[in-house]
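What follows is a walk through one structure, from a helix to the cores and then to a pocket. Please keep the model open while reading.

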Amino acid sequence: MSDRVAGVIGLGIMGGEFAGHIAAAGIRTLGFDVIPDRTNALKARGVEVCASPAAVAAEADIIITSLPSVKALESALFGEQGVASSGRRGILVVETSTLPLDIKESARTRLAAVGIGMMDAPVSGTGSQAAAKDITVLASGDRADYDRAESTLKHLASSGHYLGGFGAGL
């Protein structure tokens, strides 16, 4: 399955590169970050900036999160304007942040309760490697979700691997 709209929440060193690469591949790309200055350069790369994670979720089929903390993940997914508040079912969140697995598992359960899927997909590489698309995605979760996300993920990494059940990439 090839989704037509991708979103990236967290447009820092890694997420900003993810969004830019996806947009460069011709996929309509929506982005959000709590620091507005991060969005200016991405607009020039074709990323449409949204006012909230919920606004990204209102249109994006696949949402990649690249966030610095548990608090940021909680806000992006479950805050007042978080992904879960969008009311849109069938979205797939691909969580790339380096966060504790129990936090990610809890987020996955809570998202599933509102009809949103989630994969764990930590990446191996640095910010400069992300800029060069020279990172590896280590994805885990439902195989059908990986198959769905693969057509988007291939634009931000030199390689991607499906490792099995949720959390197998840690």
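Helices (DSSP runs of H or I, at least four residues) and strands (runs of E, at least two) are numbered from the N terminus. The model is predicted, so local features need pLDDT of at least 70 and side-chain atom pairs count only at pLDDT 80 or more, while totals for chains, interfaces and linings use all residues. Residues are numbered from 1 along each chain as its sequence is written, and side-chain values use heavy atoms, with hydrogens and water left out.

Start with helix H1 (13-24). H1 has 12 residues and spans 17 Å from its first C-alpha to its last, close to the 16 Å expected at 1.5 Å a residue; the expected span is 1.5 Å times one less than the number of residues. Buried here means under 20% relative accessible area, with exposed over 50% and partly exposed in between (1.4 Å probe, protein chains only). Because 10 of the 12 residues of H1 are buried, the helix is largely enclosed by the rest of the structure. Among these buried residues are Met14, Phe18 and Ile22. Gly26, with a positive phi near 90°, follows H1.

A nonpolar core is a set of buried Ala, Val, Leu, Ile, Met, Phe, Trp, Tyr and Cys residues joined through side-chain atoms within 4.5 Å. In the largest one, of 26 residues, Ile64, Val94 and Leu156 touch the most other members. Strands S1 (5-9), S4 (62-65), S5 (92-95) and S8 (136-139), along with H1 and helix H7 (143-153), each give two or more residues to this core. H1 provides the largest share, five residues. Apart from this core lies another, of 23 residues, including Ala57, Leu67, Ala76 and Val83.

Contact means heavy atoms within 4.5 Å. Thr152, in helix H7, is buried, with a relative accessible area of 1%. Beyond its neighbours within four places in sequence, Thr152 contacts Ala6, Ile22, Ile62 and Ile64.

A pocket is an open set of points, on a 1 Å grid over the protein atoms alone, where a 1.4 Å probe fits, with protein on both sides within 12 Å along at least five of seven lines; lining residues have an atom within 4 Å of a point. The largest pocket holds about 310 Å³ of space. It is lined by 23 residues, of which Gly10, Val34, Leu67, Pro68 and Ala72 are the closest to its centre. H1 and helix H4 (70-78) each supply at least two residues of this lining.

Terms used: Points joined across faces, edges and corners; volume = space filled by probe spheres on them.
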